[in-house]
Amino acid sequence: MGEIVAAMATCHAPQLVTYPPDEDHAKLDATIAAMRELGKILDETKPDALIFLGSDHLETFSMTCVPTFAILAGNCAIAEFAGRRYELPVHRDMAEDFLNKLIRADFDLSYSEDAVLGHTFAEPSEFVLAGRKIPIVPLHTNVYLPPLPSPKRCAALGRELARIIASRPERVALLASGGMSHYPGTWKYPQPEFEFDRWVIGELEQGRADAVLGLTVEQLDEAGNTELLNWAILLGAIGNQPAELVQYTATWHHGHAMMRFLPSRNRTSAPASPATNLPLYGGLQFRNEGFRFYKHPPASAYNLNKLLFDVRHDSGLRRRLLTDLDGVAAEYRLGPEAKEGARALAEVGQTPKISDNASRIVSAGAHPLQALMTLHAVHGEMKKLRAELSPMSKTQL
């Protein structure tokens, strides 16, 4: 009889790999160290397979198809980010079993044999898996492009996963990859809801999963926590299991949290909740007026969003955007407003922070997350291009 022998949750901030100059590198180092601590749980439990609960940042499925849930059921999972590539073995028999049985249980999953996964999967592969040859089953959840699945629906999926695992012979680990409060690409980016995060952490340390499962997706959007939908699947699979906080790091724009749920152990520190006496939701007053930060982009901005998606995957296109904006704008048939959004993208090197131009791109109709992630990609390309140019030519970019 199969069993879940390990369950843990981690962040996956892109800055952990790119180390941009506007970050406190000591805080990034602390997060990486905590992710490596989670990796030791895999050494302790020696699972036969790892169920990798991740999401898409409009880089894998977006613009062509946006599934609510999807399983990667090929022989190998490819995850790429910031010039790094990970080739991870897939437990194909388990992936196909999940797919078949979840469909029969009325979960309408999509699947892919060769989708290239983004940094939600790449960064934990670097710092948690860290070269361990454990077959994985990547499961994608849509957390940024409404309509989104509810936390309760995600938990129901987790419960069904647990039932399927129990019917099999393997010892299985669960890894939920999702950051806490952050609002990439929006006006609220530098104002995370850290106290909401601490309230959630305290509740989970007491084994109160309903702190997450009782929220709506619109409330998660308000709190900058839609990535907790990945955690909700894990919570559904393991039930009200008290967790232990391994590390919480508050950066200027993001709450990084690493938690272990299984196996339980004697705590290295006291649970957070009773001592902090935080008010409900950490004091956050929900407006409950629908999605405030991440909405479906307007159809009128399709060409701009298509450009942003393509730019993230094509180094040559990034270079053409930096050197021939007019040509790229004509190729993508950008109107005046969309072209100004593309111009803000091409001018990323002219601002103190990479995120400073995001509002100009969002104003043109871009999805906020798409805008910020593409800015990071173009910024990296700009640095490479500048390094290749002679000193006399650097002022041209």
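Biologist: How many aromatic pairs does a search of the whole structure find?

Modeller: This is a predicted model, and a search through the whole of it turns up nine aromatic pairs.

Biologist: How is such a pair described?

Modeller: Two values are used for a pair of aromatic rings, namely the distance of the centres and the angle of the planes. In this model, Phe52 and Phe121 form a tilted pair, with 5.0 Å centre to centre and 55° between the planes. Phe52 belongs to strand 2 (residues 49–55) and Phe121 to helix 4 (residues 119–129), so that the pair links distant parts of the chain, 69 residues apart.

Biologist: Are Phe52 and Phe121 buried or exposed?

Modeller: Phe52 counts as buried because its relative accessibility is 0%, and Phe121, with a relative accessible area of 3%, is buried as well.

Biologist: Which kind of aromatic pair do Tyr183 and Phe293 form?

Modeller: Theirs is an edge-to-face pair, with 4.8 Å centre to centre and 65° between the planes. This pair, too, links distant parts of the chain, 110 residues apart: Tyr183 is in the loop between strand 9 (171–177) and helix 6 (194–205), while Phe293 is in the loop between helix 10 (273–276) and helix 11 (302–313). Both Tyr183 and Phe293 are buried.

Biologist: Which residues do ring pairs link into a cluster?

Modeller: The cluster consists of Phe196, Trp199, Tyr281 and Phe286. A ring can also have a charge over its face, and here Lys353 lies over the face of Trp252, at 3.9 Å from the ring centre.

Biologist: Which residues have the most contacts inside the largest nonpolar core?

Modeller: They are Phe98, Trp231 and Phe261, in a core of 110 residues. Helix 9 (residues 228–238) gives the largest share of this core, nine residues. Apart from this core lies another one, of 28 residues, among them Leu308, Leu317, Ala342 and Ala371. Leaving aside neighbours within four places in sequence, Phe98 is in contact with Ile51, Ile71, Val137, Leu161, Ile164 and Ile165.

Technical notes. Residues numbered from 1 in each chain as written. Predicted model: local features only at pLDDT ≥ 70, side-chain atom pairs only at ≥ 80, totals over all residues. Heavy atoms only, no water. Core = buried A, V, L, I, M, F, W, Y, C linked by side-chain atoms within 4.5 Å. Buried < 20%, exposed > 50% of the residue type's maximum accessible area, 1.4 Å probe, protein only. Helix = DSSP H or I, 4+ residues; strand = E, 2+ residues; numbered from the N terminus. Contact = heavy atoms within 4.5 Å. Phe/Tyr/Trp six-rings, centres within 6.5 Å; stacked < 30°, edge-to-face > 60°. Lys NZ or Arg CZ within 6 Å of the ring centre and 35° of its normal.
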